[in-house]
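Colleague: I am new to this one. Please take me through a single part of it closely.

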Amino acid sequence: GNRGFVNVALQTLGLTNEPIQIMYTEFAVIVGILAVNLPYVVLTLQSVIEGIDRAVEEAAFSLGAGPVTMAWRVLLPLALPGFAAGAIFCFILTMNAYATPVLLGGPQFMMMGPLVYVQFAAKSNWPFGAAVSFILMAATLILTAAANLIVQRRYRNT
């Protein structure tokens, strides 16, 4: 808000004279969705990285790889399926987000979830609401299935 931590800090440091608009912007929605969904991706990656055999990392170190090289050439390729799963999970949650865009974006900012609600509840436009709901569901299912097939093909022999 106008008297929130960021605006007060910026004004105290003399970087701005007036409060900057943070609420009800696209930036606020992106930061909010990122803050909500990031733990799901991190937890998915954590479980995948913990499942990687420690001997693989030790072998890379014993062959002369530094920590950055080991992470880039060994750990990252082995963790890619977990990253893909986390990205799919995050995508599904983001596509169907309702509360975050409504609270942080305001009434003017529309994403698919709030648009469906407005069509059904406020405007009683059932045909358009059903069409948007179907598109949302179909896009989520098709993109999730496509990502799943890509991951399965890529890591079938692994």
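At what angle do helix H4 and helix H7 pack, and how far apart are their axes?

Modeller: Keep in mind that this is a predicted model. Helix H4 covers residues 67-95, and helix H7 covers residues 126-154. They pack at an angle of about 180°, and their axes are 11 Å apart. Angles over 145 degrees count as roughly antiparallel, so H4 and H7 are roughly antiparallel to each other. On the H4 side, the contact is made by Ala 84, Ile 88, Phe 91, Ile 92 and Met 95. H7 contributes residues including Leu 136, Ala 139, Leu 143, Ala 147 and Val 151. Thr 140, Thr 144 and Asn 148 of H7 also take part. By type, the contact of H4 with H7 has ten nonpolar residues, three polar and no charged.

H4 has another partner, helix H2, residues 26-51. The axes of H2 and H4 come within 8 Å and cross at roughly 150°. This crossing is right-handed. From H2, the contact residues include Ile 33, Asn 37, Tyr 40, Val 41 and Leu 45. From H4, they include Leu 75, Leu 78, Gly 82, Phe 83, Gly 86 and Phe 89. The contact of H2 with H4 divides into 14 nonpolar residues, five polar and no charged.

Now the rings. The count of aromatic pairs comes to three. Tyr 40 is partly exposed, at 39% relative accessible area. Phe 89 is also partly exposed, at 38% relative accessibility.

Technical notes:
Residues are numbered from 1 along each chain as its sequence is written. This is a predicted model: local features need pLDDT of at least 70, side-chain atom pairs count only at pLDDT 80 or more; totals for chains, interfaces and linings use all residues. Side-chain values use heavy atoms; hydrogens and water are left out. Axes are lines fitted to C-alpha atoms, for helices over the stretch in contact, and angles run from 0 to 180 degrees between N-to-C directions. Helices (H or I, at least four residues) and strands (E, at least two) are DSSP runs, numbered from the N terminus. Angles under 35 degrees count as roughly parallel, over 145 as roughly antiparallel, 65 to 115 as roughly perpendicular and the rest as oblique. Contact means heavy atoms within 4.5 Å. Ala, Val, Leu, Ile, Met, Phe, Trp, Tyr, Cys and Pro count as nonpolar, Asp, Glu, Lys and Arg as charged, and the others, Gly among them, as polar. A crossing is left-handed if the near helix is turned anticlockwise from the far one by less than a right angle, and right-handed if clockwise. Rings of Phe, Tyr and Trp (its six-membered ring) pair if their centres lie within 6.5 Å; planes under 30 degrees apart count as stacked, over 60 as edge-to-face and the rest as tilted. Buried means under 20% relative accessible area, exposed over 50%, partly exposed in between (1.4 Å probe, protein chains only).
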